[in-house]
Each structure stands twice: as structure tokens, then as C-alpha cells.
Amino acid sequence: MNDNPQHETSPATAQSIVHMEKVNKYFGSLHVMQDIDLEITAGEVVVIVGASGSGKSTLIRCVNGLEEFQSGRIVVDGNELTPHGKGGKSLQTIRTEVGMVFQQFNLFPHLSVHANVTLAPEKVRGLDSGKARQIADRLLERVGITDQADKYPGQLSGGQQQRVALARALAMEPRLMLFDEPTSALDPEMIGEVLDAMRELANEGMTMMIVTHEMGFAREVADRVIFVHGGRIVEEGTPQDVFDHPQHERTQSFLSRVLKH
């Protein structure tokens, strides 16, 4: 287990948040996810690593229906997604319960920081503007950018924009947070402030799936590390297991390259 006690969940009381069973995904003739089996329980932080093009980003994008899959089962907090994007009501429910932060910030450039964060609570959750503003105020304080609330995204640094994106995702009060390489588009000096916000979220017990190249961060926050290669889960275990004692030659080769830097 991870040394961080906040992440510990009794096996008897663990609740499944993500269940993936024999999931297959194709882009044309390219088989990018091959028989993926994965179970993630409430409060667990799972970090997914692997080389570019290994299928790790596609994996988490399938969890909230941003990518269709061709066969298998995906169940998110009791809501089942079906192959070929025919999730119907379940898909809409999942998208209100799953927050996602992308490589690019995807903020609305014509809206202020505050308006970016209040938009989803008002339009999706149907909250009145006063309640939505209270949520936005709390979350902007939480990610440390209260003083930027009236600015527009173009006036912020990359790290500040990514923290706004995190606050916007949290405004939906998600059961699960997905992160798709959230620091890859940032200058090195801005990476730390985003990782700090994610680290705090992990310590508070948020269920998280994180695709990242930040191996030190993965070692620190993950309950479980998954190594993906060629569309398959090749190896998984605690950070200590995977980083210090990798069993598969593909994992060993990958780590020997990335851990040198």
C-alpha cells in the first residue's frame, strides 16, 4: 500500500468506481486497447504510465465516453457505458459525475475565470447563480488563484490556467477525476503549482486516474501504478513494486529511459 494513510480503504468496504472488463478499442485497423481489465475503488489514486502512443490517454478518455470502444464493458459508479457510444442516459450521468483535466486547458477565452468555473454548476447542475458563485469562490481559493477571478484566461500563465481548469472540473462535485497529462503543456517552473493542487486533492481522498510523465509525483501520490504498452496493461502494482522492482522487460526498458532524466 501507499504510505499515505488517507488512501487506505478496507477491502470489505471498498466501492467500485470504475470497472473495465475486456475492453477493446480500434482506430480503424489499429488495435489501441486490447482486452483491458481494470478495477478502481473509491478513494484510490491510480497513475497510468507508458510511452507515447501506448494507449494510456485513450484508456481514460473511454471512461467518460469521450472515446467510443468496440467491445467489452465499462461501468462508472454503477452507470454502464456500452460499445459504440450507445450509453444513453448512463453517458450523460457519467459526464456529470466525472471531472477531467486535459493537456490543453480548454477554458472559454471570452469568459472570466469566475465565469468559467460557475458555468457548469449553473447550466448542468441547475444551481442558482448565488450558489454557483459560492462554489466558484471556494474552489478558486482552494487552488490558490482567488486574486485572478476577474481576469480572462489569456491574461493568466499556463499554470494558472490549468488550476482554473481543475477548479472548473471540481465545480461539478465529481465522484472521479481524470487527468490526461495535465502538466505536459506547461513550462517547467509552472508544473509544481499544478502538481501541488493535485497532491492536495489526492490527500483529501478523491478517486483519481492520472496519466502523467511525472514519475516522482506518481511515486508520491499513487496507490497503484499501471504500465501500459501496446494497448495492454503489462504491469501494475504499488509505486514501490513498479518503480523499484519491475517484473516485465517492457516496464524495465521504459523506466530505464525515463528515470534517467
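Mentor: This is a predicted model, in which local features need pLDDT of at least 70, side-chain atom pairs count only at pLDDT 80 or more, and totals for chains, interfaces and linings use all residues. Residues are numbered from 1 along each chain as its sequence is written, and side-chain values use heavy atoms, with hydrogens and water left out.

Trainee: How many cavities of 30 Å³ or more does the structure hold?

Mentor: A cavity is a set of points, on a 1 Å grid over the protein atoms alone, where a 1.4 Å probe fits but cannot get out. Points are joined across faces, edges and corners, and a volume is the space filled by probe spheres set on the points. At 30 Å³ or more, the number of cavities is 1.

Trainee: Which helix gives the most to the lining of the largest cavity?

Mentor: Lining residues have an atom within 4 Å of a point; here they are Arg142, Val143, Leu166, Leu170, Ala197, Glu200 and Leu201. Helices are DSSP runs of H or I with at least four residues, strands are runs of E with at least two, and both are numbered from the N terminus. Helix H5 (158-170) and helix H6 (188-203) are the elements that give two or more residues to this lining. The one that gives the most, with 3 residues, is H6.

Trainee: Is Asn24 buried or exposed?

Mentor: Asn24 lies in strand S1 (residues 16-27). Buried means under 20% relative accessible area, exposed over 50%, and partly exposed in between, with a 1.4 Å probe and protein chains only. Asn24 has 8% relative accessibility, so the residue counts as buried.

Trainee: What is the length of the polar contact that joins the side chains of Asn24 and Asp35?

Mentor: A polar contact is a pair of N or O atoms within 3.5 Å; within protein, one must be able to donate a hydrogen and the other to accept it, and residues adjacent in sequence count only if both atoms are side-chain atoms. The side chain of Asn24 also reaches the backbone oxygen of Lys22 at 3.3 Å. For the side chains of Asn24 and Asp35, the value is 2.9 Å.

Trainee: In which strand does Gln34 lie?

Mentor: Gln34 counts as buried because its relative accessibility is 17%. A polar atom of its side chain lies 3.4 Å from the backbone oxygen of His31. The strand that holds Gln34 covers residues 30-41 and is S2.

Technical notes. 1 Å grid on protein atoms, 1.4 Å probe; cavity = no way out; pocket = protein on both sides within 12 Å on 5 of 7 lines; lining within 4 Å.
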